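The report begins with individual contacts and then widens to the surroundings.

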Amino acid sequence: MSSTTALTDLGQALCIVTGASRGLGRTVAKHLARLIKPGSAIVLTARSGQDLRSLQTELTGGDGAGAGLVVECVEADLGHNDAPGRIVSAARRCFKADMDHVILVNNAGSVGDVSHFFRNFTNMAEVNSYLSFNVSSCLCLTAGVLDAFPQRDGLRRTVVNISSICALQPYPSWSLYCTGKAARNMMFKVLAKEEPDIRVLNYGPGPLDTDMLAYAKSHTADENLRMSFNDMCDKGQVLSCDQSCSVLMKLLLGDSYESGAHVDVYDV
Ligand SMILES: NC(=O)c1ccc[n+]([C@@H]2O[C@H](COP(=O)([O-])OP(=O)(O)OC[C@H]3O[C@@H](n4cnc5c(N)ncnc54)[C@H](OP(=O)(O)O)[C@@H]3O)[C@@H](O)[C@H]2O)c1
């Protein structure tokens, strides 16, 4: 249920963050850790176990900041069929009966081969592999989490899809990425329609200073688009993950967005 006054915390929560090893997902996990109450838990997942464990140490570490916070790492490739189930099992292990909020942040994603144009995607295995990670795993993980933690009095459930302007606009040579992001947006609009008690947010984080943008700058086949990425960076128009995460947390605390809507960082 949405409220008009912003909350000051996200409750005693179970949070699940995909793609938490680096980039935006790592920052999302840090911001969530500051806003959840003692007795909360965070499940971090990505392929790089070592990076997840260093974040786990940071979140639970020394200065008492992580007192009462349980952090579990799941090293998993979301392109593999068993990954959603393994993440849901970890979430079940971390869940405590007195928790009042389940927050799933579907952040993990890849741009795919942006050195190709539409006409080059003749290999169905390549396309399936992309969609399997970027779309199918997101649906199956979200469904698994909702099934594990069904609606009950006193339990809020929030699902965030880290989206992109590419869900709304076509970008030449980014056919896989635009397709995947558009599919995810619609998937979560359907969820919002089906389950009015769940708060569903498609969040467009803006251009971010991460590995993904660095890859896009050097590999994008469309020359105009490649130059526009480089131009954006040269002009300092790229956001830090902290800047974008602050806006995401403001949206979660305010809890007044329309469920299923696409909200861009620049809309807030
Ligand atoms: N950067 C931007 O400008 C921008 C703009 C709009 C939207 N976004 C969106 O923001 C989200 C995060 O992007 P980012 O820029 O932070 O990207 P990034 O720096 O490339 O990080 C991607 C994250 O996803 C994980 N990941 C990649 N492949 C995976 C796989 N097969 N299985 C499991 N995890 C996998 C990576 O961890 P491992 O490699 O350890 O698995 C990493 O933690 C994405 O959904 C992206 O589409 C980014």
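Predicted model: local features only at pLDDT ≥ 70, side-chain atom pairs only at ≥ 80, totals over all residues.

Leucine 78 takes part through its backbone, with an N or O atom 2.8 Å from a nitrogen atom of the ligand. Taken alone the ligand exposes 880 Å², of which the protein buries 93% (accessible areas by the Shrake-Rupley method with a 1.4 Å probe).

## Surrounding shell

Helices H1 (23–35), H5 (175–194) and H6 (211–219) are the elements that give two or more residues to the shell around the ligand (helices are DSSP runs of H or I with at least four residues, numbered from the N terminus). The shell residues divide into 13 nonpolar, 10 polar and five charged, with Gly counted among the polar ones.

## Confidence and conventions

The protein averages a pLDDT of 96, and 96% of the residues score at least 70, pLDDT being the predictor's confidence in each residue, from 0 to 100.

Residues are numbered from 1 along each chain as its sequence is written, and side-chain values use heavy atoms, leaving out hydrogens and water. Local features need pLDDT of at least 70 and side-chain atom pairs count only at pLDDT 80 or more, whereas totals for chains, interfaces and linings use all residues.

Definitions and conventions:
Polar contact = N/O pair within 3.5 Å; in protein donor to acceptor, adjacent residues only side chain to side chain.
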